[in-house]
Amino acid sequence: MEKFEAYVVRRDAKGLTGQIEKRAIDQLPEGDVLVKVHYSGVNYKDGLATLPESKVVKDYPIVPGIDLAGEVVQSSHPDFREGDLVLCTGYDQGTSHDGGFSKYARLPADWLLPLPEGLTPREAMGIGTAGFTAALSVDRLLHCGVTPELGPVLVTGATGGVGSFAVDMLSKAGFSVTASTGKSEQQKEWLTSLGAANVIGRDEIVTISAGPLGKQRWAGVVDPVGGPHLEGLFKNIRYGGAIALSGLTGGIAFEGTVFPFILRGVQLLGIDSAYCPKEWRSSIWRKLGREWKPERALSEGIRECTLQDLPEVLQAILQGKAVGRTVVRLA
């Protein structure tokens, strides 16, 4: 087979550098299934893979890309045959195992799922880890008793990948959604089109309270941001409500007290998309192809790029300038 293109990040004396390289199939890591990649998705974690201080990558060189969707061209595993359309999100892909920013990838069969009915490879990568994380967050909130009748819900970082999909899914599920963003008026209009009943600024998501508890505002929160603002969010969750926490763009530390948990029964739900059990993973992806398919976010919030565009796209996502989702077209 002829050589193919991949975006490779290498470490040298000057630090980390990323560039497009020609590679051969025998340079791919071990795995049961060889996939011709049609699309990959760009995630914040892919940006972190280019920063030496982030430590998300165990060893360099690495092909980033924690998501991919494509076609099986070779398989030694009985679950997959040549011609099958598949997807992979998470696991060690793009961090310790070469990932989706490559025209071919070889992966363990246990990491792969058949492409769900109702989704094309491009749509699956438009959803990607971000949309999958949003769906996991919504699923956990529902299972913990957060319903539309309990009150309005909040989505932080709403113009990002996780946030925009969460707005779409929650509004379709009947919730009154308030979207929080620090972006422009134009993006506020976009969030309204996704189903947000209200759009507010970052500084409006909590009411200031000197005591351990504040006004009961939100029945639930999808929070892909994390960081210090969690202290204020906990004070403002309604009795029996919950926060689904999945991200750290706002920081890794926060302060707080036990009072929201023991006086209002508030729940903190940790959302992990990378190692989510396969049965639950399959169930969520089936929903994403059917009743939870985020039609509005897919039609209005997806842009395409090529491998050549990746340095600029990765820089934008690290600087918090990304809006919606970017998919990398490889086929």
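Is Ala-135 buried or exposed? Ala-135 counts as buried, at 0% relative accessibility; buried stands for under 20% relative accessible area, exposed for over 50% and partly exposed for what lies in between, with a 1.4 Å probe and protein chains only. The legends below take this residue and several other places in turn.

A note before the views: this is a predicted model, in which local features need pLDDT of at least 70 and side-chain atom pairs count only at pLDDT 80 or more, while totals for chains, interfaces and linings use all residues. Residues are numbered from 1 along each chain as its sequence is written, and side-chain values use heavy atoms, with hydrogens and water left out.

**View A. Ala-135 sits in helix H2 (residues 121-143).** Helices (H or I, at least four residues) and strands (E, at least two) are DSSP runs, numbered from the N terminus. Leaving aside neighbours within four places in sequence, Ala-135 is in contact with Met-169, Ile-284, Leu-288 and Trp-292; contact here means heavy atoms within 4.5 Å. For a sense of scale, Pro-61 is 74 residues from Ala-135 along the chain, and the C-alpha atoms of the two are separated by 32 Å.

**View B. Six strands make an open sheet with parallel pairing.** Reading across, the order is E10-E9-E8-E11-E12-E13. Two strands pair if DSSP finds at least two bridges between them. Strand E10 (198-200) and strand E13 (267-270) are the edge strands, each pairing on one side only. On average, neighbouring strands of this sheet are turned by 20° against each other, direction ignored. Axes are lines fitted to C-alpha atoms, for helices over the stretch in contact, and angles run from 0 to 180 degrees between N-to-C directions.

**View C. Strand E8 (residues 153-155) runs parallel to strand E11 (residues 218-223).** Three bridges join the two strands, and Val-155 has Val-222 of E11 as its bridge partner. Helix H3 (residues 161-172) lies across E8, strand E9 (177-180) and E11, and runs at about 155° to E8. Look for Gly-220 in strand E11: Gly-220 counts as buried, at 0% relative accessibility. Not counting residues up to four places away in sequence, Gly-220 touches Val-146, Pro-152, Val-153, Leu-154 and Ala-242.

**View D. Helix H9 (residues 310-318) has the buried residues Leu-310, Val-313, Leu-314 and Ile-317.** They cover an arc of only 95° around the axis, which puts them on the same side of H9; the arc is that of the directions from the helix axis to the C-beta atoms. An α-helix has 3.6 residues a turn, so residues three or four places apart point the same way. The cover over the buried residues of H9 includes strand E1 (4-12), helix H1 (44-48), strand E14 (302-305) and strand E15 (325-329). Just after H9, Gly-320 takes a positive phi of about 75°.

**View E. The loop between H1 and strand E4 (67-75) holds Pro-61.** The peptide bond joining Tyr-60 and Pro-61 is cis, with omega of about 5°. Lys-55 is also found in the loop between H1 and E4, and has a positive phi of about 65° although it is not a glycine. Lys-55 is exposed, with a relative accessible area of 72%. Most residues other than glycine have a negative phi, and most peptide bonds are trans.

**View F. Tyr-91 is found in the loop between strand E5 (85-89) and E6.** Phi of Tyr-91 is near 55°, a positive value in a residue other than glycine. Tyr-91 is buried, with a relative accessible area of 12%.

**View G. The count comes to one cavity of 30 Å³ or more.** On a 1 Å grid over the protein atoms alone, a cavity is a set of points where a 1.4 Å probe fits but cannot get out, and lining residues have an atom within 4 Å of a point. Grid points are joined across faces, edges and corners, and a volume is the space filled by probe spheres set on the points. About 40 Å³ of space lies in the largest cavity. Its lining residues include Arg-23, Leu-28, Pro-29, Val-63, Asp-98 and Arg-106. Strand E6 (residues 104-107) gives the most to this lining, with three residues.

Methods: 1 Å grid on protein atoms, 1.4 Å probe; cavity = no way out; pocket = protein on both sides within 12 Å on 5 of 7 lines; lining within 4 Å.
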